[in-house]
Amino acid sequence: MLRIEFSDKQKQKIRKIHNARCVLCGLGEKEGAGSHVASRVPRQDGGEAVISNGQILCTKHKNARFDAEKIDPKTDSGKNFIISMHGLAKDKKSEHYQEFFAKLLKVYKAHNIDKHIAWKK
Ligand SMILES: [Zn+2]
């Protein structure tokens, strides 16, 4: 299966490597700036979910990046969730749920939402 997001384990390592501090301003949780794992090369530009492509952004810089890339973080995580649920249904060989999640993903496609997130049946 195509890895579309950093795993929790990868996120933990990336946080450790970068001391959980924003690569742009150096702030982190301790300053109340937040600390988010983000890819250096964005997914839509071929960036992979590997540790070497990980970095930390504070909430302000993460949001600025979402704005710059025209990504709606709310639908973004929604689509990723549905993709992982589809994968789970596939693993469990549940055709009923596979069909359900595939239909939801077709709605994303029909409305041209989050097309930067690749999904293959
Ligand atoms: Zn920052």
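Two residues are in contact if their C-beta atoms, placed from the backbone, lie within 7 Å. Keep that rule at hand for the exercises below.

The model is predicted: local features need pLDDT of at least 70, side-chain atom pairs count only at pLDDT 80 or more, and totals for chains, interfaces and linings use all residues. Residues are numbered from 1 along each chain as its sequence is written.

**Exercise 1. Find the surroundings of Ala33.**

Task: Which residues are in contact with Ala33, leaving aside its neighbours within four places in sequence?

Solution. 
- Step 1. Start with the place of Ala33, which is the loop between helix 1 and strand 1. Helices (H or I, at least four residues) and strands (E, at least two) are DSSP runs, numbered from the N terminus.
- Step 2. Apply the contact rule: Ala33 touches Cys22, Leu27, Gly28, Cys58, Thr59 and Lys60, with neighbours within four places left aside.
- Step 3. Take Thr59 from that list. Ala33 and Thr59 are 26 residues apart along the chain, yet 6.1 Å separates their C-alpha atoms.
- Step 4. Now classify Ala33. A residue is buried if 20 or more other C-beta atoms lie within 10 Å of its own, exposed if 12 or fewer, and partly exposed in between, with C-beta atoms placed from the backbone. Ala33 counts as partly exposed because it has 18 C-beta neighbours inside 10 Å.

**Exercise 2. Check helix 4.**

Task: Why does the span of helix 4 agree with its 16 residues?

Solution. 
- Step 1. The expected span of a helix is 1.5 Å times one less than its number of residues.
- Step 2. For the 16 residues of helix 4 this should give 22 Å, and the end C-alpha atoms are 22 Å apart, so the two agree.
- Step 3. Next, look at the cover. Helix 4 is hardly covered, as the count of buried residues among its 16 residues is one.
- Step 4. Pick a residue in the helix: Tyr108 belongs to helix 4, residues 95-110. Tyr108 is partly exposed because 18 other C-beta atoms lie within 10 Å.
- Step 5. Not counting residues up to four places away in sequence, Tyr108 touches Lys79, Ile113 and Asp114. Tyr108 and Thr75 are 33 residues apart in sequence and 9.2 Å apart in space, C-alpha to C-alpha.

**Exercise 3. Spot the positive phi values.**

Task: Where is Ala20 found, and what is the phi of Asn112?

Solution. 
- Step 1. Begin with the background: most residues other than glycine have a negative phi.
- Step 2. Ala20 is not a glycine, although its phi is positive, at about 55 degrees. Ala20 sits in the loop between helix 1 (8-17) and strand 1 (36-39), and is partly exposed because 17 other C-beta atoms lie within 10 Å.
- Step 3. Asn112, also a residue other than glycine, has a positive phi near 60 degrees. Its place is in the segment after helix 4, and Asn112 is exposed because 7 other C-beta atoms lie within 10 Å.
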